Amino acid sequence: MTRILVVEDEPGIALGLEDDLTMEGYEVEVAGDGITATRLAKTGAFDLILLDVMLPGKDGLEVCRELRRAGLKTPILMLTAKAREAEKVEGLELGADDYVTKPFGTRELRARIKALLRRAGESEPELCCFGDVEVDFARGELRLGGKAVELTPIEFKLLDVFIRARGRVLSRDQLIASTWGPETFTSARIVDNHIANLRRKIGDDPGEPRFLRNVRGLGYRFDG
Ligand code: CA
């Protein structure tokens, strides 16, 4: 089931959105402030985030910035006020995927949501190859030189996070938030151990890694 996080503090609008999207067959969760929204979104349990800009606690732009910084890739559809043209640009610059101007019609909103979900589904890579490695996302398998290699679910998730963020430095905190979830207690050392195992499994040289590189003082970067 497709899960949507609705972030809206005005109860009337939130309830209307919840009803409408539930009727459309989505599973909906509502967050009424930016702090709750950030916490929920970082679990990665949603397929799309509908994010109002004007929120108590932390505004939608700040939420968007924080989620993207944490490496979250969930599509974000911003709800912006008509009078605030700059919000749209700022939202898109901060990593929102699209916006709808308030007041919006339910039909327009549904169409935007569908388009965004379709786009997100299409961009999902089915197969990713680097070096002698083939990552088959459709089957959840990894092959090294054509031979299947057993990965734990966490290792697979971690590799997926790296591949999606290809070429970008990810801090250990970002890796923890994206792989384990922000509420989990995972130490930097555990992240390092998993990366060491992953390097071994993808045939990376631990002394001089080609794919999962250390970036001194910052974290790791996948170059594949
Ligand atoms: Ca609001």
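I started with Pro103, which sits in the loop between strand 5 (98-102) and helix 5 (106-123). Helices here are DSSP runs (H or I, at least four residues), strands likewise (E, at least two), and both are numbered from the N terminus. The peptide bond joining Lys102 and Pro103 is cis, with omega at about -5°.

Before going on, a note on the ground rules: this is a predicted model, where local features need pLDDT of at least 70 and side-chain atom pairs count only at pLDDT 80 or more, while totals for chains, interfaces and linings use all residues. Residues are numbered from 1 along each chain as its sequence is written, and side-chain values use heavy atoms, with hydrogens and water left out.

I looked up Phe137 next, in the loop between strand 7 (133-136) and strand 8 (141-144). Phe137 is buried, at 16% relative accessible area; buried means under 20%, exposed over 50%, and partly exposed in between (1.4 Å probe, protein chains only). Its C-alpha lies 5.1 Å from that of Glu126, 11 residues apart along the chain.

Then Pro209, in the loop between helix 8 and strand 11 (212-215). Pro209 is buried too, with a relative accessible area of 14%. Leaving aside neighbours within four places in sequence, I find Pro209 in contact (heavy atoms within 4.5 Å) with Arg199, Asp204 and Asn214. From Pro209 to Phe222, 13 residues along the chain, the C-alpha separation is 9.8 Å.

Buried residues in helix 6 are Glu155, Phe156, Leu158, Leu159, Asp160, Val161, Phe162 and Ile163.

How do helix 6 and helix 8 (residues 188-201) cross? Their axes come within 10 Å, at roughly 85°, which makes helix 6 roughly perpendicular to helix 8. For the record, axes are lines fitted to C-alpha atoms, for helices over the stretch in contact, with angles from 0 to 180 degrees between N-to-C directions. Under 35 degrees is roughly parallel, over 145 roughly antiparallel, 65 to 115 roughly perpendicular, and the rest oblique.

On the helix 6 side I listed Ile154, Glu155, Leu158, Leu159 and Phe162, which meet His194, Ile195, Asn197, Leu198 and Lys201 in helix 8. That contact divides into 6 nonpolar, 2 polar and 2 charged residues. Nonpolar covers Ala, Val, Leu, Ile, Met, Phe, Trp, Tyr, Cys and Pro; charged covers Asp, Glu, Lys and Arg; the others, Gly among them, are polar.

**Helix 7**

Helix 7 (residues 172-179) has 6 of its 8 residues buried, so it is largely enclosed by the rest of the structure. Its cover includes helix 3 (60-69), helix 6, strand 10 (169-170), helix 8 and strand 12 (219-222). I checked Gln174 in this helix: at 19% relative accessibility, Gln174 counts as buried. Not counting residues up to four places away in sequence, Gln174 touches Arg69, Ala70, Gly71 and Val169. Just after helix 7, Gly181 takes a positive phi of about 105°.

**Cysteines**

How many disulfides are there? I count 0, taking a disulfide as a pair of cysteine sulfur atoms within 2.5 Å. The Cys129 sulfur is 6.5 Å from the closest cysteine sulfur, in Cys128, too far for a bond. Cys129 is partly exposed at 47% relative accessibility, whereas Cys64 is buried at 0%.
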